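Colleague: I am new to this one. Please show me the structure, and then let us talk it through.

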There are 2 protein chains.
Amino acid sequence: MKLWSKVFGRPLKDREEESIRVGVIAGLAVMAPDALSSVAYGTQEILIELDRAGVQALWYVLPISAVIVLLLIFLVTSYRQIIRSYPGGGGAYIIGRDTLGSTASLIAGAALLIDYTLTVAVSVTAGVAAVVAAFPELAPWTVIFSVLIVGFLGLVNLRGLRESAQAFALPTYLFIAMVLIMAVVGLSVHVPHAPAWHMYVTPPVSFVSLFVILRAFSSGSSALTGVEAISNGVPVFRGPSPARARMTLLLLGLFLGSMFLGTSIIAYRFHIVPSLDTTVLQQLASDIFGRGIYFYLLSFVTMAILAIAANTSFAGFPLLSSIMARDQWMPRMFLSRGDRLVYQNGVIILALTAILLIVIFRGNTTNLIPLYAIGVYMSFTIAMLSLAVKTWRNRANIPARQSWLLIVMGGVGATLTAIVVVVSLITKFTEGAWIVAVVLPLLILGMHRIRRHYRAVADELRVTDLSIKPVLLHVVAVVPINSINRLSIDTLSYALSLADEVIALHVVRSVEPGQQFAERWKKWAPDPRIKLAVVPTQYRSVVRPIVRYVDLVAHQNPEQRTLIILPELVVSHVWEHFLHNQLSLTLETSFIFRKDISVMIMPYRLKSY
Amino acid sequence: MKLWSKVFGRPLKDREEESIRVGVIAGLAVMAPDALSSVAYGTQEILIELDRAGVQALWYVLPISAVIVLLLIFLVTSYRQIIRSYPGGGGAYIIGRDTLGSTASLIAGAALLIDYTLTVAVSVTAGVAAVVAAFPELAPWTVIFSVLIVGFLGLVNLRGLRESAQAFALPTYLFIAMVLIMAVVGLSVHVPHAPAWHMYVTPPVSFVSLFVILRAFSSGSSALTGVEAISNGVPVFRGPSPARARMTLLLLGLFLGSMFLGTSIIAYRFHIVPSLDTTVLQQLASDIFGRGIYFYLLSFVTMAILAIAANTSFAGFPLLSSIMARDQWMPRMFLSRGDRLVYQNGVIILALTAILLIVIFRGNTTNLIPLYAIGVYMSFTIAMLSLAVKTWRNRANIPARQSWLLIVMGGVGATLTAIVVVVSLITKFTEGAWIVAVVLPLLILGMHRIRRHYRAVADELRVTDLSIKPVLLHVVAVVPINSINRLSIDTLSYALSLADEVIALHVVRSVEPGQQFAERWKKWAPDPRIKLAVVPTQYRSVVRPIVRYVDLVAHQNPEQRTLIILPELVVSHVWEHFLHNQLSLTLETSFIFRKDISVMIMPYRLKSY
């Protein structure tokens, strides 16, 4: 118990809730890494797609990044609006539920849950990949490192969100500073063969197909994943939560936009061609600052930000799943909050699923990224569409200019994000996007079944008529006994006190000892309500005949209740456990799966000797 | 359940016992591999020790091997005698117990149990090492391979001994044939620079210290480990078991002696110098037959025989531990025989301990061998000393010549084997023999504590006075309830039928809902024997307040019995489990560790919907 407190911190009372919430600075450290870390691969994903169409095509990184930043502006504005309307969090799921109905909200919710899981897997493996790029000799450890990091994140988050915010503030802000500095320096230093200013705005002659552009846009838009996190986790912020959350989202948008656009522009300026060996950020750092301290520090901080990007999911998943569990779409266990006021089951399930994914995909990020963006963009589409629809319905109560702005922005945003979903699904279908197309419907189906189950159970258990009262039942207790000793006498006493009938069950391997025991029993002559049953066995195990006998008793008298009482010796030292109770343990396990028979475990304390 | 039967075979009845026993041919395949496989390293161990004193010293392999074979003759004769006297098995432990008393028998028994465990670890890793010698690229997999083989052996032995005998007969007899053929061919082919005949009997001039000789003798005597196995496992043979066991032991002695002596002689004839890369057997095979099919087949068969040598332990350990458990020196669980008439707990514990050893020693056999021989030789010493003492005591009833033969042989044998124990302990103390010197006393101490515990418990539970009868107790049942519904009504009904008092325990997080519930309860007005207790909590979890409340109830009324009744929803599908019962499960676990309170699990079957 003490070790538990050391690892997870002391139990918190309900009224301490406010103390574990965060402000804007810490909130950004928890909620932003997911989005910010996208800078580590966003530009790179665009360049990889464009590079396939030739080096000349790399220019298109500029307009594509510009469109993505425009989309970012739409998203930030929309989600700030959503936070205002839904201060309880839940983002796309909640606004979808209220505006478009349960199907849309389930798609958004399920997609986000999938996405949070993928984020953990993608981020951590990408972080490890960044380290491996700097120290290639670590390559064989990729999977193990990744799994360990996920486990560590899980543990920290079981302590609480505030704790993880404090732990991760430094790398977050360091990453922001280093990328921004690199962008500024990269724009200002002299570069041989740097493109002239007009080249930034004039497309090169080479023809690039719309398909390549769309594909590059879809890939690059993974840079915006994580922007939704704050809207889901509004309750994480200290009051007034919505105001703090909106402020944090605004800051996030500013940082993310400038870092992403800056990276794309200097990547073009430095003629960066994507490579298999190093990341675009590393190429830039090495071109601008050389392969020195800045390079290695940036590599390290990138790893850190990628790994703690996963932490954003640990903030989002448990909250969203608890909100969905409250609506009965998810198992009730996601509703229970542990000692540290954390929805601990969400944290645990998230960590385990992510570890499973990492192991299945063998730590290869690129295989996971197609899966990753689709879910977020589905939720983006639903959120923005909901916002547009909601504003349209409410347009009477809102100033016309503001409502039209929101409707147009929601509509254009929904269209752009829907394009990303469709293009990603089509182009990356065989690369793994099919998994989303399979898992998402299955998950939604499962959620429907969960809700149906809960409703059916609730209907069955509901009592409206208060005239239904507890009644007396006829109870038969079975007590397996080996010999007449203090333990069996005490067990029989308990059984006699509880039940209407008691059967002392004695299993024998041959006839003679059975007769001997029956005679001894007769001589002993306990209370006549206790009947002796001597059962033969052809096997060594007494478990099988006991289970069979009790089943028979229960089956023959369906109107009565059958109870098996298993004594358990309580010993003074832990090691002494291994000397006893093998039978009770086996019987307990057997009966817990029988489902018709109640099992009672009766501790019997031995005197110290 | 079906899969279980597929893997482990159908359950066997008690009267089928005879059908699972083995004859001489199959018995040799189970019982001999341990001893026979020693040929794979016995000669080599001698050569390694002698080589330290210079190449000239290698000659001493001949007289040392001769002494070891003499010792083998003593051992086979003695153990055949022991089998005759103790047809129930148990070997050194049993004869030690009857002749020298419990301390000697415990030393022999504990030493053998340690040894069986070490045998599994040593044999399997040595087998894997033999394969790795042939295919060096497998080196990094040594530990994993070894663990898998131990796991496989455990599974086969859970099916039964006969099964493993059938599986392992081929490699055993193939190994015997191949080594004997190699010895014969090796003695007859022309070898350039072969030593002249007189050189086999004349010591070379070089002086070799007695210490080196003793050390080489001790190391080489590891070749005899495993000879005791048959005496421990006599009941494994079909009736008349002792006759079959004695025959098997005689055959084992003949094969082992000729193979070991043959290997040592041709090793001298071929001027084999021990090497780190290959084994002596492999060097001989490659010198005599070239690096062809014979070499690879022998390497493979050596691996097989080494791995299945471990199987001998799987025959010995469970039997010996069951015999010692019957004498209350070991936990009772070693007495229980499973569906396949196997002492399955012995098999499982043996496999797990061996796997632990392999992992700790990282699959390096040589580190384990010093530990390995000491235990067997302790049991040899005790067995032969017991035989001498027993014969001396019984000399009136035995023909004088036979009794003197047994006494002298027992005495000399005990001295020789004691020398091995002492020399091994001294020379290999720092290399790991200290572990035996630490573990053996601890194990014996543990066995004494186990017996003391069993006796104390038996004394405490024993009832001689049959006037002690079951009596009626006052029982208070606590039922945690969340709301008034069919489930809680049924649970309360059950509680009311069982107990004298029932407390319905309702946990609330704030005052108001508690009052509401109390009012609803008042309106409902169930049986007055059911009292409602509303308990506030400052934490989310209801587990803590429930445990605290029940503890309080139990503490305040020490003369009455307290029972907590936990309902468990029985659902139609497995996945639905995850939607319920979280609370019952947690409470069950909490209370099973409380030790003062009985826990009853009441299944509540939901209607299908």
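Modeller: Start with a helix on a sheet. Helix α22(A), residues 582–592, lies across β4(A) (561–570), β5(A) and β5(B). Helices (H or I, at least four residues) and strands (E, at least two) are DSSP runs, numbered from the N terminus. This is a predicted model, where local features need pLDDT of at least 70, side-chain atom pairs count only at pLDDT 80 or more, and totals for chains, interfaces and linings use all residues. Residues are numbered from 1 along each chain as its sequence is written, with chains lettered from A and ligands numbered from 1 in the order in which they are written.

Colleague: At what angle does α22(A) run to β4(A)?

Modeller: Axes are lines fitted to C-alpha atoms, for helices over the stretch in contact, and angles run from 0 to 180 degrees between N-to-C directions. For α22(A) against β4(A), the angle is about 150 degrees.

Colleague: Which strands are the edges of the sheet?

Modeller: Two strands pair if DSSP finds at least two bridges between them. Ten strands form an open, mixed sheet, in the order β3(A)-β2(A)-β1(A)-β4(A)-β5(A)-β5(B)-β4(B)-β1(B)-β2(B)-β3(B). An edge strand pairs on one side only, and that holds for β3(A) and β3(B).

Colleague: How many bridges join β5(A) to β5(B)?

Modeller: These two strands run antiparallel. Ile601(A) stands opposite Val599(B) there. The number of bridges joining β5(A) to β5(B) is three.

Colleague: Which element gives the largest share of the side of chain B that touches chain A?

Modeller: Residues are in contact if their C-beta atoms, placed from the backbone, lie within 7 Å. The contact takes 64 residues from chain B and 64 residues from chain A. Elements giving two or more residues on the chain B side include α18(B), α20(B) and β4(B). The largest share is nine residues, from α19(B).

Colleague: How far apart are the centres of domain 1 and domain 2 of chain A?

Modeller: Domain bounds come from an automatic or database domain assignment. In chain A, this gives domain 1 (2–449) and domain 2 (475–605). Taken over C-alpha atoms, their centres are separated by 59 Å.

Definitions and conventions
Contact = placed C-beta atoms within 7 Å.
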